[in-house]
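Notebook open, structure loaded. I want to look up how this chain packs and where it leaves a gap.

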Amino acid sequence: MSLQEVKSISMLGLAHVGDGVYELLNRSQLCREGHTDVQTLHRLTVARVRAEAQAKAAAHILPLLTEEELSIYRRGRNTHVNSVPHHAQLADYHAATGLEALFGWLYLLGRLERIDALFAAIMEEEHAT
């Protein structure tokens, strides 16, 4: 999509796309790691894509973001959401929405190498802890 087309999408729309992108990245990573049991794959995926984990991932990559990317993250983070899951803290949910908006924005602009680089940084942190 063109930058103009992507700019016409709401932050929640970008987060919607980014949620799918981020989940697919995590599902693919778990398969690369050799997990094959469906229950294990599901449990590990949920653990990685829940708001708390996404907020931690966002905090890790914030120093790596360009000004433009940081602006998208902040706008996504500050977007009013209609509901927050009962198990999530509000601050974590907002940070997760910012991360998802960023990944959606990058994906729709075709910046797949940048997505891969940011996701690799997240995975480095995940495996370091």
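First I noted what contact means here: heavy atoms within 4.5 Å. With that I looked up Ile61, which touches Leu99, Leu102, Phe103, Leu118, Ala121 and Ile122, not counting residues up to four places away in sequence.

Before going on, I wrote down the ground rules. This is a predicted model, where local features need pLDDT of at least 70 and side-chain atom pairs count only at pLDDT 80 or more, while totals for chains, interfaces and linings use all residues. Residues are numbered from 1 along each chain as its sequence is written, and side-chain values use heavy atoms, with hydrogens and water left out.

**Entry: the fold.** I counted 7 helices and 0 strands in the protein chain (DSSP runs numbered from the N terminus, H or I of at least four residues for helices, E of at least two for strands). The radius of gyration, taken over C-alpha atoms, is 14 Å, close to the 14 Å that the globule rule (2.2 Å times the number of residues to the power 0.38) gives for 129 residues, so the chain is as compact as a globular protein of that length. Residues 24 or more positions apart make 69% of the chain's contacts with a separation of 6 or more.

**Entry: the core.** How many residues does the largest nonpolar core have? I found 31, and Tyr22, Ile61, Phe103 and Trp105 have the most contacts inside it. α2, α4, α5 (67-77), α6 (90-108) and α7 each supply at least two residues of this core, with the largest share, 8 residues, coming from α6. Such a core is a set of buried Ala, Val, Leu, Ile, Met, Phe, Trp, Tyr and Cys residues joined through side-chain atoms within 4.5 Å. Buried means under 20% relative accessible area, exposed over 50%, and partly exposed in between (1.4 Å probe, protein chains only).

**Entry: Ala88.** I found Ala88 in the loop between α5 and α6. Is Ala88 buried or exposed? Ala88 counts as buried, because its relative accessibility is 14%. Its contacts are Ala51 and Tyr93, again leaving out residues up to four places away in sequence. From Ala88 to Ile61 I noted 27 residues in sequence and 21 Å in space, C-alpha to C-alpha.
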